[in-house]
Amino acid sequence: MPDDHPSWWAPLGEFVAAGARHEEVSTVCSLLRNRRRQLVVLYMLTREQDEWTTMSEVARWVTAVTQGYSIEEATGDDYRNVRESLRNTHLSALADAGVIKYDAQQTRVAPGERLDDVAGVFLHLLLLTGS
């Protein structure tokens, strides 16, 4: 009987075989548990390495996606709620894991050295779940 695996199987296997330690896997799973962090990861994939963008721009995009708004409509209480949760929790967590670079003083973010790794795992999980 042939060994038929879905297309996401090999890259996921490579991640595990590459020596992903339990702690790293746990960290990635914890990061990706939150929808706003997932969306920040996806947004940062649209940026070049070392290309900084404002936290406000990221917050507007996350608000637009989660609320079904256009970017222009992503304002008001919904936007402020997302912006503050990114500022107080999510951006720091992603920065601590090396997924993004976060300059809290200038309220800006850029892709981090681990963005591609975490995004790869996330995209494989999306394929796995059919979401």
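Residues are numbered from 1 along each chain as its sequence is written, and side-chain values use heavy atoms, leaving out hydrogens and water. As the model is a prediction, local features need pLDDT of at least 70 and side-chain atom pairs count only at pLDDT 80 or more, while totals for chains, interfaces and linings use all residues.

**View 1. An open sheet of three strands, in the order β1-β3-β2.** The pairing is antiparallel; strands are DSSP E runs of at least two residues, helices H or I runs of at least four, both numbered from the N terminus, and two strands pair if DSSP finds at least two bridges between them. The edge strands, β1 (53-54) and β2 (100-103), each pair on one side only. Helix α3 (residues 35-44) packs on the sheet and touches β1, β2 and β3, where contact means heavy atoms within 4.5 Å. The direction of α3 makes about 65 degrees with that of β3; axes are lines fitted to C-alpha atoms, for helices over the stretch in contact, and angles run from 0 to 180 degrees between N-to-C directions.

Look next at where β1 meets β3 (residues 108-111): two bridges join these strands, and T54 stands opposite R108. R108 also lies over the face of W52, at 4.0 Å from the ring centre (the criterion is NZ of Lys or CZ of Arg within 6 Å of the ring centre and within 35 degrees of the ring normal).

**View 2. The one aromatic pair found in the whole structure.** The ring centres of Y43 and W61 are 5.3 Å apart and the planes are at 45 degrees, so this pair is tilted. Rings of Phe, Tyr and Trp (its six-membered ring) pair if their centres lie within 6.5 Å; planes under 30 degrees apart count as stacked, over 60 as edge-to-face and the rest as tilted. Because Y43 belongs to helix α3 and W61 to helix α4, the pair ties together parts 18 residues apart in sequence. Y43 is buried at 6% relative accessibility, whereas W61 is partly exposed at 24% (buried is under 20% relative accessible area, exposed over 50%, partly exposed in between, with a 1.4 Å probe and protein chains only).

**View 3. L91 and its contacts.** Leaving aside neighbours within four places in sequence, L91 is in contact with V40, M55, L86, I100, Y102 and V109.

**View 4. S92 in helix α5 (residues 76-96).** S92 is partly exposed, at 29% relative accessibility. Beyond residues up to four places away in sequence, S92 touches R87 and Y102.
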